[in-house]
Amino acid sequence: MKKVLSLVVALVLVFAMMAPALAEEKPYIAVISKGFQHQFWQTVNMGSQAAADQYGVEITFDGPPSESEISTQIDMLNAALAKNPMALCLAALDTESVTEQLLTAQEKGIPVVGFDSGVPNAPEGTIISTASTDNEAAGALAAEKMFEIPEIKAAIEAATPEAPVLLGAMSQDATSASVVGRTVGYLDRMYELVNGVKPGEVAITGHDKYNLPSESGNVAVELNILVPATTNITDCQTTAQGLLQMNPVSIFCSNEATVAGILAATTDGQDLDRTNGKFKDIIVVGFDAGVNQKTAVREGWFYGSVTQDPYMIGFYAVELAYKAMNDEPVDVLVDTGCQFYTAENMDDEMIAPLLYD
């Protein structure tokens, strides 16, 4: 009897010691991004962690070394699913490559929240909600701001099929939904605006995904879109150098990688100086932020850039995941917004917090 009583007391003591640890164990949410090399993703991570702290959950934030490493992201996704998280946040590099994993998550009852570009065209019911910038609207905003620039408007108005002008653009890739969305938004809106000035004489060239011949067969204004071979900075720089040699009136960069390519090809932007630069007549509009891009805007080497809100992208992703795992209602799409910044407004209280370093 004494032995039994001693065993009971021992078990009580063991459970008493385990109870605090069990009580302190937090729900786990896995966050899989497109990468971690850009400052954008590091800021997304900060927002994710802030939401984790607010809602009392544990998170892991993983992403491949570069945004061209689809297989690496899949390995990270498989590893996360093996841990059976309470929820999963995913910014997919390639939707078709993660279909199997999404269906696995659905079978396990793991809610998946998309963020940034999310997971467009995912199998029905596998994505609960998506926190992202309306990328087509952001690309269209870049086109509208660029079209307002007097030098660009003047060049478009003076263009003829005998003396055409070229408006250049660089898109990091032709697969990522966020980058494609910005590119489509920019091209569609710019085409609409320019065609209003030169009806029937506008063409989109440079990449099979976007090419569009002019309606009349004559081309006064060419919207040329180039896509680097990979997201590697060397390939982005090489593509930028080729575009610069085409002597475009303007260049739109779709994200931080293409901005880095332009900066690398122009001595960190100094060759775009409007007074003495080698490419002083080329007007550049960027996307996202980062120290070098902010410097380019502040110095006037870039006319301006579109910024997302990476902090809130990360925050909303984890917040939505937390709500989904607790069966709380969530919106299918949460727009995290964007702003256009220039040297004149980048220090404004509504803009400055969005410009990560």
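Analyst: In this predicted model, Phe-115 touches a set of residues drawn from several parts of the sequence, leaving aside those up to four places away: Val-31, Ile-32 and Ser-33, then Trp-41 and Val-44, then Cys-89, Leu-90 and Ala-91, then Thr-130 and Ala-131, and finally Ile-313 and Ala-317. Phe-115 is also one of the residues with the most contacts inside the largest nonpolar core, a set of 50 residues in which Ile-29 and Phe-302 are named alongside it. The largest share of this core comes from helix 11, which spans residues 310–325 and supplies 7 residues. Apart from this core lies another one, of 36 residues, among them Phe-147, Leu-167, Val-180 and Ile-204. As a general background, nonpolar side chains in soluble globular proteins tend to be buried together.

Turning to the whole chain, the protein has 11 helices and 13 strands, and its C-alpha trace spans about 105 × 40 × 35 Å along the principal axes. Buried residues make up 52% of the 357 residues. Among contacts with a separation of 6 or more, 69% are between residues 24 or more positions apart.

How values were computed
Residues are numbered from 1 along each chain as its sequence is written. This is a predicted model: local features need pLDDT of at least 70, side-chain atom pairs count only at pLDDT 80 or more; totals for chains, interfaces and linings use all residues. Side-chain values use heavy atoms; hydrogens and water are left out. A nonpolar core is a set of buried Ala, Val, Leu, Ile, Met, Phe, Trp, Tyr and Cys residues joined through side-chain atoms within 4.5 Å. Buried means under 20% relative accessible area, exposed over 50%, partly exposed in between (1.4 Å probe, protein chains only). Helices (H or I, at least four residues) and strands (E, at least two) are DSSP runs, numbered from the N terminus. Contact means heavy atoms within 4.5 Å.
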